[in-house]
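Dear colleague,

My notes come after it.

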Amino acid sequence: MKKLSEYLLLWALGGSFYYAFEVFFRGFSHWSMFVLGGFCLIFCAQQGIWTHWSAPLWKQVGWCVIFVVSGEFITGIIVNKIMRWNVWDYTGMPFQIMGQICLPFAVIFSGLCAAGILMSGYLLHFLYGEETPHFHVL
């Protein structure tokens with residue numbers, strides 16, 4: 001039950017933060033971004049738990065960015081190409097793939113991932129008594 005509570009908290013926080021981030025910078029968002037943001041924060045925490053928070057922060061950020069960008073691509077194919085909801089389109093951005101992902105946003109996501117890793121590590125420690133995270137850059 002404790003794990004379910006942890007996952008639900010992380011999912012709700014990740015979804016809320018990402019949805020609010022998009023509304024703040026784009027002026028709007030979509031419920032699918034709430035769902036994706038929640039799963040991304042769960043992954044940020046889970047990869048830290050798997051490695052006992054011992055991997056250098058740059059590696060953790062790298063793993064998380066790969067997860068986030070992959071999630072965005074898969075979500076984009078579903079909501080933008082298959083469902084035709086047209087939630088976003090990166091066609092005009094440099095280094096984009098099928099208008100669903102692009103390098104500039106991958107860089108932005110790296111900063112969000114770093115914040116998510118730090119926040120989730122300390123949040124799980126203080127609220128649920130999980131292992132104390134020990135972050136180091138190199």
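What follows goes through the helices, their packing and the aromatic rings.

Please keep in mind from the start that this is a predicted model.

Helix 1 covers residues 2-26, and its 25 residues reach 35 Å from the first C-alpha to the last, which is close to the 36 Å expected at 1.5 Å a residue. Along this helix the buried residues are Glu6, Leu10, Gly14, Gly15, Tyr18 and Glu22, and what covers them includes helix 2 and helix 4. After helix 1 comes glycine 27, which has a positive phi, near 90°.

Helix 4 can be read in the same way. Its end C-alpha atoms lie 36 Å apart, which agrees with the 38 Å that its 26 residues should span at 1.5 Å a residue. The buried residues in helix 4 are Ala106, Phe109, Cys113, Ala114, Gly116, Ile117, Ser120, Gly121, Leu124 and Tyr128, and they pack against helix 1, helix 2, helix 3 and strand 2 (101-102). Just after helix 4, glycine 129 has a positive phi of about 70°.

Now to the packing of these helices. Two packed helices are described by the angle between their axes and the distance between the axes. For helix 1 and helix 4 the angle is about 145° and the axes are 11 Å apart, and the crossing is right-handed. Residues from helix 1 in this contact include Leu9, Leu10, Leu13, Phe17 and Phe21, while those from helix 4 include Ile108, Phe109, Leu112, Leu123 and Leu127. Taken by type, the residues of the contact of helix 1 with helix 4 are 14 nonpolar, two polar and two charged.

Helix 2 also passes helix 4, which spans residues 103-128; here the axes come within 8 Å and cross at roughly 65°, again in a right-handed crossing. On the side of helix 2 the contact is made by Leu41, Cys44, Ala45, Gln47 and Ile49, and these meet Cys113, Gly116, Ile117, Met119, Ser120 and Leu124 in helix 4. The residues of this contact divide into eight nonpolar, three polar and no charged.

The last topic is the aromatic rings, where the structure holds 14 aromatic pairs. In one of them, phenylalanine 24 and phenylalanine 25 are arranged edge-to-face, with 4.9 Å from centre to centre and 85° between the planes. Are these two residues buried or exposed? Phenylalanine 24 counts as exposed because its relative accessible area is 68%, and phenylalanine 25, with a relative accessible area of 56%, is exposed as well.

Another pair, phenylalanine 43 with phenylalanine 67, is stacked, with 4.2 Å from centre to centre and 5° between the planes. This pair links distant parts of the chain, since phenylalanine 43 belongs to helix 2 (residues 31-50) and phenylalanine 67 to helix 3 (residues 57-82), 24 residues apart. Phenylalanine 43 is buried, with a relative accessible area of 16%, whereas phenylalanine 67 is partly exposed, with a relative accessible area of 31%.

Finally, ring pairs link Tyr18, Phe21, Phe24, Phe25, Trp88, Tyr90, Phe105 and Phe109 into a cluster. Among these, Tyr18 is also one of the buried residues of helix 1, and Phe109 is one of the buried residues of helix 4.

Technical notes:
Residues numbered from 1 in each chain as written. Predicted model: local features only at pLDDT ≥ 70, side-chain atom pairs only at ≥ 80, totals over all residues. Heavy atoms only, no water. Phe/Tyr/Trp six-rings, centres within 6.5 Å; stacked < 30°, edge-to-face > 60°. Buried < 20%, exposed > 50% of the residue type's maximum accessible area, 1.4 Å probe, protein only. Helix = DSSP H or I, 4+ residues; strand = E, 2+ residues; numbered from the N terminus. Axes fitted to C-alpha atoms, helices over the stretch in contact; angles between N-to-C directions. Left-handed = near helix turned anticlockwise from the far one by under 90°. Contact = heavy atoms within 4.5 Å. Nonpolar A, V, L, I, M, F, W, Y, C, P; charged D, E, K, R; others polar. Expected span 1.5 Å × (residues − 1).
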